[in-house]
Amino acid sequence: MNEPSTAPLVELEGVGKRYGNVTALDDVSLAVRPGEITCVLGDNGAGKSTLIKIISGLHRHDSGTFRIDGVEVRLASPREALDRGIATVYQDLAVVPLMPVWRNFFLGSEPVLGRGPLRRLDTAAMRRTTREALRRMGIDLRDVDQPIGTLSGGERQSVAIARAIHFGARVVVLDEPTAALGVKQAGVVLKYVAAARDEGLGVVLITHNPHHAHLVGDRFVLLKRGAMAGSHTREAIGLDELTRQMAGGSELEQLSHELARTRPSDPGGEAP
């Protein structure tokens, strides 16, 4: 059981975003609390990518309010989001496949020894820290010296989550982390998503899979064509209803009715 919810780490209230004459998001609200997983569900074109870009600092919102720790902000860059404790793990992970796991873990943040021309990477510390950070998350890799490209998709996602936590993230945004994975590897990722929640982080899980969302989610925000189609707590909605709303619900029923055909009883003669 999660501890009682505290004040949101990140809060969006009535947020909107336009690109020229196109409305990508309209009046979207959500709250991300420590120790909770907020799942954002929607099909392609629902506005999930735009929402990620706003939370991660890649794009600024045009309307509404974006708060971090209760303070209204307008993030200017992903670097500013990181500095405020928001890390985004994209589906197409930015890794160097032929580099070892420990090198990718510290990519861009490598500790060094010495000064001037004697400066060199502290490889021993990076190997040790990578092992410890992964072990803390329950990730047991055979060898942190193996190229990260040799890991499964689920293992690579798990390393990225562990990296975000190690470098001080308080909110982790996960962009469709299970989309390209099989059942077993998707389960591996969801296990570490839950581990991040149990570390006290606020997690935003972007997905189009209601089954994966309902396995780990505490709150669910449904998007459709850039607008909110629903907002529920885990206690308020079951998997069947979440799936129905995600799939279109009444719209699917109407479509089924429109597509239904009455087979003629008398064909009126043979076809030529």
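Biologist: Which residue takes a positive phi in the hairpin of β1 and β2?

Modeller: This is a predicted model, in which local features need pLDDT of at least 70, side-chain atom pairs count only at pLDDT 80 or more, and totals for chains, interfaces and linings use all residues. Residues are numbered from 1 along each chain as its sequence is written, and side-chain values use heavy atoms, with hydrogens and water left out. Strands are DSSP runs of E of at least two residues, and helices are runs of H or I of at least four, each numbered from the N terminus. Two residues lie between the strands of this hairpin, and the positive phi, near 65°, belongs to G20.

Biologist: How many bridges join β1 to β4?

Modeller: Two strands pair if DSSP finds at least two bridges between them. Strand β4 covers residues 63-68 and runs antiparallel to β1. V10 stands opposite I68 in β4. The number of bridges joining β1 to β4 is five.

Biologist: What is the angle between the planes of F106 and F167?

Modeller: Rings of Phe, Tyr and Trp (its six-membered ring) pair if their centres lie within 6.5 Å; planes under 30 degrees apart count as stacked, over 60 as edge-to-face and the rest as tilted. F105 and F167 form a tilted pair, 6.2 Å centre to centre. F106 and F167 are edge-to-face, 5.7 Å centre to centre, and the angle between their planes is 85°.
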